[in-house]
Amino acid sequence: MTGDYGKFITLEGSEGVGKTTNIDVVCRLLEANGVPFIKTREPGGTPLAEALREAMLAVREEEVSAMTELLIVFAARTQHLDRVIRPALAAGRWVVCDRFTDASYAYQGYGRGLDLERITALEGWVQNGLQPDLTLLLDLAPEVAEQRMQERTKDRMESEKVEFYQRVRSGYLRRAAQDARFRVIEAKNTIDAVATEIDAHVSALIRDWKG
Ligand code: TMP
């Protein structure tokens, strides 16, 4: 018998680690197993949240405060949770989300240096205990990630220096070490090896859900 609630899977990691390719690996596996799901992303996932994403990532003259960034991503997250994520999970659909609150800790907390307690306070307020069931963290040295990204037009976050990305990476790894819902995946491995690993983690969750 399948569970009443869907499962919530998030993918995390810095830019250039291959999140887009690997989110498709997750979705193909769910499809093959007949699991109902939606694929979404943060910041974004609703028209208003996507507008907030554009506002946050646009390259602009004006300096953007770290706290402004944090409030924008949590405003987008509230809308996304209310309109998309919670209704899908309650209807028994799985949610596969490209980034979630771990990104706020990694980027605004460790990257920008904001007090982590502020993020925890917003998290409690907005999520009210809801957490992903599984978080796949794709880990890669920022120098390698940057080489992979050379072809892209960079947004405001992607224009940050490598030191910023080193802090983001170590922030993610610290969080992963503290919480059993994380699986850390070495993104420097071949596409096939990464896909096989993801397959194993997601298959275990499907088995658990089908009971
Ligand atoms: P991406 O989804 O294409 O990687 O772009 C999203 C960008 O937004 C990325 O630079 C990470 C950043 N971000 C934050 O800084 N905080 C957050 O909470 C989230 C969800 C994303």
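Arg 99 is buried in this predicted model, because its relative accessibility is 11%, and buried means under 20%. Arg 99 lies in a loop. That loop runs between strand 3 (94–98) and helix 4. The backbone of Arg 99 has a positive phi of about 80°, although the residue is not a glycine. Most residues other than glycine have a negative phi. Arg 99 is also listed among the residues closest to the ligand.

The ligand sits in the largest pocket. By type, the shell divides into 8 nonpolar, 6 charged and 2 polar residues. Three helices each supply at least two residues of this shell: helix 2 (47–57), helix 3 (66–90) and helix 4 (101–111). Helix 4 gives the most, with 4 residues.

For Glu 15, the distance is 2.3 Å. For Ser 104, an oxygen atom of the ligand lies 2.6 Å away. For Arg 53, an N or O atom of the side chain is 3.2 Å from a ligand oxygen. Taken alone, the ligand exposes 480 Å². The protein buries 93% of that area.

Glu 15 counts as buried because its relative accessibility is 13%, and the limit for buried is under 20%. The side chain of Glu 15 makes a polar contact of 2.7 Å with the side chain of Tyr 107. A polar contact of 3.1 Å joins the side chain of Glu 15 to that of Tyr 165.

The peptide bond from Glu 42 to Pro 43 is cis, with omega near -15°. Most peptide bonds are trans. Pro 43 is placed in the loop between strand 2 (37–41) and helix 2. Asn 128 has a positive phi near 50° and is not a glycine. Its loop lies between helix 5 (116–127) and strand 4 (134–139). Asn 128 counts as exposed because its relative accessibility is 66%, and exposed means over 50%. Arg 99, with its positive phi, is buried at 11%.

Conventions
Residues are numbered from 1 along each chain as its sequence is written. This is a predicted model: local features need pLDDT of at least 70, side-chain atom pairs count only at pLDDT 80 or more; totals for chains, interfaces and linings use all residues. Side-chain values use heavy atoms; hydrogens and water are left out. A residue is near a molecule or strand if one of its heavy atoms lies within 4 Å of it. A polar contact is a pair of N or O atoms within 3.5 Å; within protein, one must be able to donate a hydrogen and the other to accept it, and residues adjacent in sequence count only if both atoms are side-chain atoms. Accessible areas come from the Shrake-Rupley method with a 1.4 Å probe; for residues, only the protein chains shown count as cover. On a 1 Å grid over the protein atoms alone, a cavity is a set of points where a 1.4 Å probe fits but cannot get out, and a pocket is an open set with protein on both sides within 12 Å along at least five of seven lines; lining residues have an atom within 4 Å of a point. A molecule sits in a cavity or pocket if more than half of its atoms lie within 2 Å of its grid points. Ala, Val, Leu, Ile, Met, Phe, Trp, Tyr, Cys and Pro count as nonpolar, Asp, Glu, Lys and Arg as charged, and the others, Gly among them, as polar. Buried means under 20% relative accessible area, exposed over 50%, partly exposed in between (1.4 Å probe, protein chains only).
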